[in-house]
Amino acid sequence: MIYEGSCHCGNVAFEVEGEFTEAVDCNCSLCRRRGGLLAFVPRDKLVLKTPEANLSTYTFNSHVIRHHFCANCGIAPFGEAVTPDGAAMASINLRCIPAVDLGALTVKAYDGAAR
């Protein structure tokens, strides 16, 4: 299924293809503060619908994940990285997709802070 998502103000908008029944609640220092519920898809399943120039990007720790956010409203709808086997992936903040029923998701804790 293809879903539409965005930041709060719409300055960063995207479409993503996937079946979202599970989410990861990561407690790394960034995710813990922003409260996202993450799902992971191959990068080619995410299509940015607004200009790439609208993305602001933050990296930390090992600087391998590009955490994208909107500089206007501050919401972080997705991130990008490469898996250890070299595959490009995107982490989608399911809270940024209005059509996803968050209450129906199976939420799994991930202890990113334990690394």
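**Aromatic pairs and nonpolar cores**

Good morning. Tyr3, at 10% relative accessibility, counts as buried, where buried means under 20% relative accessible area, exposed over 50% and partly exposed in between, with a 1.4 Å probe and protein chains only. This is a predicted model in which local features need pLDDT of at least 70, side-chain atom pairs count only at pLDDT 80 or more, and totals for chains, interfaces and linings use all residues. Residues are numbered from 1 along each chain as its sequence is written, and side-chain values use heavy atoms, leaving out hydrogens and water.

I turn to the rings. The structure holds 3 aromatic pairs; rings of Phe, Tyr and Trp (its six-membered ring) pair if their centres lie within 6.5 Å, with planes under 30 degrees apart counted as stacked, over 60 as edge-to-face and the rest as tilted. In one of these, the centres of Tyr3 and Phe20 are 5.4 Å apart and the planes stand at 45°, so the pair is tilted. Phe20, at 11% relative accessibility, is likewise buried. For Phe14 and Phe78, the centres are 5.8 Å apart and the planes at 65°, so this pair is edge-to-face. Both Phe14 and Phe78 are buried.

Next, the cores. A nonpolar core is a set of buried Ala, Val, Leu, Ile, Met, Phe, Trp, Tyr and Cys residues joined through side-chain atoms within 4.5 Å. The largest has 20 residues, and those with the most contacts inside it are Val16, Phe20, Ile92, Leu94 and Ile97. A second, separate core of 5 residues includes Cys26, Cys28, Leu30 and Cys31.
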